Amino acid sequence: MADYFAKMNGEYAQKHFPEGSVFESAAKTLKRRSILGVVMIGLFAAAALWGLAWSIGRTMELRAAGQDDMLGVSIAICAFFGIVALGFLTLLFFMAKAGRQKRGDYVVGSAKHSKLPVSEIEAFERQALDPDCYILRLAEGLDRALSNSTNKDGLLTRDYIYLADPAQTVFRVDSLRACCFSDYTYYISTGNRHKKIHCLAIYLLGANGVSVLSDTTEKAGRALMALLLERNGSIDTNGGKVLAESEMDGYKKRVLEGR
């Protein structure tokens, strides 16, 4: 188990949570991502605005030259660039807004997504830096490198578990209803073909219906199930089997209804 989980220590806390706050660290990580996204989307928005300006100028030239037969096409091009520019500018606005969020915003957001009171999220954060908190290293290799989590590791405190998903979801361990393997897929393009990639994830489900998926290796996932069962023996592990994407909704319903 030591290969996947370690106890919180001063060196790790200083490196990952230098302000003594899980959510302050998450805010800074998301802000860095937001800045990069704003720059990229800003370039696309600028290109679309240039295209819009060019197409408007071209339309005016055609009208001045009396080439009315070409106006329809030119106006359609204007509309296309206008819609694209509006889309990028809207995305730019929301990304910039997200980049201005502070720790308190993420605490409130976490409480909302977790369906827990803010006081519980604050309690989790206090426990996260205690020496009895487990650092959960579930993924490795490419899955770990490409993870969209705000922190590459999850955290298991005395009362809570947190897998650092983008929604910053926190679960009470005593209200977990399921912890099992799940399969999810995505496609990559290889030439003229699309290849389907299967990934192994750990699936957590709370009694309040909140759920998350997080990349995992098989050994780390089984170790996490064993650790959680020591604290909450009623957690369903789906018999250790991998839950297919198509089975997830049915499984969630059965577990929550106690069937």
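**View 1. Leu156 and its bridge partner Ile161 in β4.** Strands are DSSP runs (E, at least two residues), and helices are DSSP runs too (H or I, at least four), both numbered from the N terminus. Strands β3 (residues 154–156) and β4 (residues 160–162) pair in the antiparallel sense, over two bridges. Pairing requires that DSSP finds at least two bridges between two strands. This is a predicted model: local features need pLDDT of at least 70, side-chain atom pairs count only at pLDDT 80 or more, and totals for chains, interfaces and linings use all residues. Residues are numbered from 1 along each chain as its sequence is written, and side-chain values use heavy atoms, with hydrogens and water left out.

**View 2. The open sheet of five strands.** The strand order is β1-β2-β3-β4-β5, with antiparallel pairing. Edge strands β1 (5–7) and β5 (170–172) each have a single partner strand, so one side of each lacks a neighbour in the sheet. On average, neighbouring strands are turned by 25° against each other, direction ignored. Axes are lines fitted to C-alpha atoms, for helices over the stretch in contact; angles run from 0 to 180 degrees between N-to-C directions.

**View 3. Helix α5 on the sheet.** Helix α5 (residues 118–128) touches β3, β4 and β5. Contact means heavy atoms within 4.5 Å. The direction of α5 makes about 85° with that of β4.

**View 4. The protein chain around these elements.** The chain has eight helices and nine strands. Of its 259 residues, 42% count as buried (under 20% relative accessible area, 1.4 Å probe, protein chains only).

Methods: Buried means under 20% relative accessible area, exposed over 50%, partly exposed in between (1.4 Å probe, protein chains only).
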